[in-house]
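Work through the exercises below with the sequence and the model open beside you. Try each task before reading its solution.

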Amino acid sequence: MITLIPKQKSKKPKPVRSRGRVPHVPLSIVAQRPEELYYSILVLAVEKTDPYITIVSDARKDVLRITMVCMSIYEGYLFALGLPSNFPKEQIIVFGHDRARYIPCRSCEYGEKLIYHYELTVPADTAIEEYQQRICNDLNDHFQLDVKVEQLSIVTDSRPITTENGEAVELIWEDQPTVIMRTRDQIGKLVY
């Protein structure tokens, strides 16, 4: 299924100052924008600002601009995989590197150091699934990762049961979506 972003056209577009309502694009992105109409940029965040994602369609230039600001690596992947931003961190498995490198916390060695800005421009009529796949491919190439969402069966509860041989415990299983992050050198080595 392909879902297109709704387009809004106005007869006389007017430049409007944001007055603090619309987030600005960090200078580290603006300074590295290439001359090409369609591109992708991933830069280490220098500016400290609240994280946000903007998707802006410019029908006159035939450009859809997706900008992710101050995102950790896993947050970029959540967006690229179409998962909610409040996806539980406990449901993310990292193979091959320190978990804190991809899912930073305040007390970790990496802390605020591995925060990035990303910008992608594509033709304005690009479907959501297409640009999400492009973002995922860009992140995979840059960080040398293979990231997928898989349904894993996990134990959610247990209950005691009585059998002929005495008491036992019955495990209650449930499928749950899990993000699996593997470094490229780990692909093929892990079997489960």
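Predicted model: local features only at pLDDT ≥ 70, side-chain atom pairs only at ≥ 80, totals over all residues.

## Exercise 1: The hairpin of S2 and S3

Task. Describe the pairing of S2 with S3. Which residue in their hairpin takes a positive phi?

Solution. 

Step 1. Strand S2 covers residues 52–58 and pairs with S3 in the antiparallel sense over 7 bridges. Isoleucine 53 of the model faces methionine 68, which is in S3, as its opposite residue.

Step 2. The hairpin has 4 residues between its strands. Aspartate 62 lies in this loop between S2 and S3, and its phi is near 55°, a positive value in a residue other than glycine.

Step 3. The relative accessible area of aspartate 62 is 34%, so the residue is partly exposed. The limits that apply are under 20% for buried and over 50% for exposed.

Step 4. With 42% relative accessibility, glutamine 144 counts as partly exposed.

## Exercise 2: Helices H2 and H4

Task. At what angle do the axes of H2 and H4 cross? Name residues of H2 that meet H4, and state whether H2 is enclosed by the rest of the structure, with a reason.

Solution. 

Step 1. The two axes come within 8 Å and cross at roughly 150°. An angle over 145 degrees counts as roughly antiparallel, and H2 and H4 are therefore roughly antiparallel to each other. The crossing of H2 past H4 is left-handed.

Step 2. On the H2 side, the meeting residues are Ile73, Gly76, Tyr77, Phe79 and Ala80. On the H4 side they include Tyr131, Ile135, Leu139 and Phe143. An α-helix has 3.6 residues a turn, so residues three or four places apart point the same way.

Step 3. H2 is largely enclosed by the rest of the structure, because 7 of its 8 residues are buried. Among these buried residues are Tyr74 and Leu78.

Step 4. Just after H2 comes glycine 82, with a positive phi of about 75°.

## Exercise 3: The open sheet

Task. What is the order of the strands in the open sheet, and which strands stand at the edges?

Solution. 

Step 1. The sheet has 3 strands in the order S4-S7-S6, with mixed pairing. S4 and S6 stand at the edges with a single partner strand each, so one side of each has no neighbour in the sheet. On average, neighbouring strands are turned by 35° against each other, direction ignored.

Step 2. S4 and S7 pair in the parallel sense over 4 bridges. Isoleucine 93 stands opposite isoleucine 180, a residue of S7.

Step 3. Place the helix next. H2 lies across S4, S6 and S7, and runs at about 90° to S6.

Step 4. Threonine 156 lies in S6 and, at 40% relative accessibility, counts as partly exposed. The C-alpha atoms of threonine 156 and glutamate 174 are 6.4 Å apart, although 18 residues separate the two along the chain. Apart from neighbours within four places in sequence, threonine 156 is in contact with Ile172 and Glu174.

## Exercise 4: The nonpolar cores

Task. Which residues of the largest nonpolar core touch the most other members? Which element supplies the largest share of this core?

Solution. 

Step 1. The largest nonpolar core has 30 residues, and Ile135 and Met181 touch the most other members. Elements that each supply at least two residues include S3, H2, H4 and S7. The largest share, 6 residues, comes from H2.

Step 2. Not counting residues up to four places away in sequence, the residues touched by isoleucine 135 include Ile66, Met68, Phe79 and Leu120.

Step 3. A second, separate core has 5 residues, among them Ala45, Tyr52, Cys70 and Ile115.

How values were computed: Residues numbered from 1 in each chain as written. Heavy atoms only, no water. Core = buried A, V, L, I, M, F, W, Y, C linked by side-chain atoms within 4.5 Å. Buried < 20%, exposed > 50% of the residue type's maximum accessible area, 1.4 Å probe, protein only. Contact = heavy atoms within 4.5 Å. Pairing = 2+ DSSP bridges. Axes fitted to C-alpha atoms, helices over the stretch in contact; angles between N-to-C directions. Parallel < 35°, antiparallel > 145°, perpendicular 65-115°, else oblique. Left-handed = near helix turned anticlockwise from the far one by under 90°.
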